Amino acid sequence: MAYSGLFMAASYNRWDRVACVKESKKINLFIVGNRFFNAYICFYSVCERLCFVEDSSWFSTQTGKMKNTLWRTGYKKLEIMKKILLTMVAAVVCVSGAFAQLSMGPKVGLNVSSVTGDGTKYRAGVNVGIFGNYRINRLFAIQPEFLYSMQGAAFDDVTILSQTLKSNYTSHYIDIPVLLKVYPWKGLNVQVGPQFGFCVDDEYKLKVNDEEISSKDLEQYGYDTKARTFDFAIALGLGYEFDFGMTIDARYNFGLTNIYEEGDGKNTMFMLSLGYKFDF
């Protein structure tokens, strides 16, 4: 449409030029934002070169008025857009600032753990460590933890030659869960996330009557079976955070990697822990 206006302007007389300028003004007013002024400048330059060299002063006067009108219109629009954008940014910052909160604290609890496979039973252990909680908003938070965890399994008794053999397995892990916490109501939260475990020691014990034999005692005879250093698990849990700072968590961890190079036994564990958070 603008190009047809240029073509017509090349052959019209002075009054037709006025109509062309008016038509051009109408055309350019439909162009929004910064583009309208660029389009007008392009139109003015081409017209001045092609059509109005002989009467450039008149055209400059007329187009100057149009340029000022268009500039004022575009400037007002840009100012309104800028105010809206700044208001939106300020609102987002205020909302994030109102909810974002960092907390840290200690926690301690009880483990009930086992190993997948036939003939295994649960055994008790402990967990102790620290946690950090970054509350993003009312609904979500990220909580990494650094824990020492004693876990393992007990095994069914075996009777050989009228002798009863009792055995159990104990492992010591440094666990680092990274949890997403969802808060559906007040301090109640649902927890899910990966857990990265690092085995620092493990031991198998066998007890016959009153005599106990440890796998560590057999190392001198060539027994060197040790658990893998790395263990990966998924943690699922429920928790509640009280207004005065105390936290309570109930969690289930199921391992996705085998404990030993040979065999398919994996760690499973229930955790119950209490903590206390300090807001920063």
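Analyst: In what follows, Ala, Val, Leu, Ile, Met, Phe, Trp, Tyr, Cys and Pro count as nonpolar, Asp, Glu, Lys and Arg as charged, and the others, Gly among them, as polar. The model is predicted, and totals for linings use all residues, whereas local features need pLDDT of at least 70 and side-chain atom pairs pLDDT 80 or more. Residues are numbered from 1 along each chain, and side-chain values use heavy atoms, without hydrogens or water.

The structure holds four cavities of 30 Å³ or more (sets of points on a 1 Å grid where a 1.4 Å probe fits but cannot get out; lining residues have an atom within 4 Å of a point). The largest cavity has a volume of about 70 Å³ (the space filled by probe spheres set on the points, which are joined across faces, edges and corners). Its lining consists of Tyr-169, Asp-202, Glu-203, Tyr-204, Ser-215, Lys-216, Glu-219, Tyr-223, Asp-224, Thr-225, Lys-226 and Tyr-260. By class, six of these residues are charged, four nonpolar and two polar. Strand β7 (residues 188-208) gives the most to this lining, with three residues (strands are DSSP runs of E, at least two residues, numbered from the N terminus).

Among the residues that line it are Gln-151, Tyr-173, Asp-175, Asn-253, Phe-254 and Met-269. Elements β6 (163-185), β9 (230-241), β10 (246-255) and β11 (267-276) each give two or more residues to this lining. Here six residues are polar, four nonpolar and two charged.

Definitions and conventions: 1 Å grid on protein atoms, 1.4 Å probe; cavity = no way out; pocket = protein on both sides within 12 Å on 5 of 7 lines; lining within 4 Å. Helix = DSSP H or I, 4+ residues; strand = E, 2+ residues; numbered from the N terminus.
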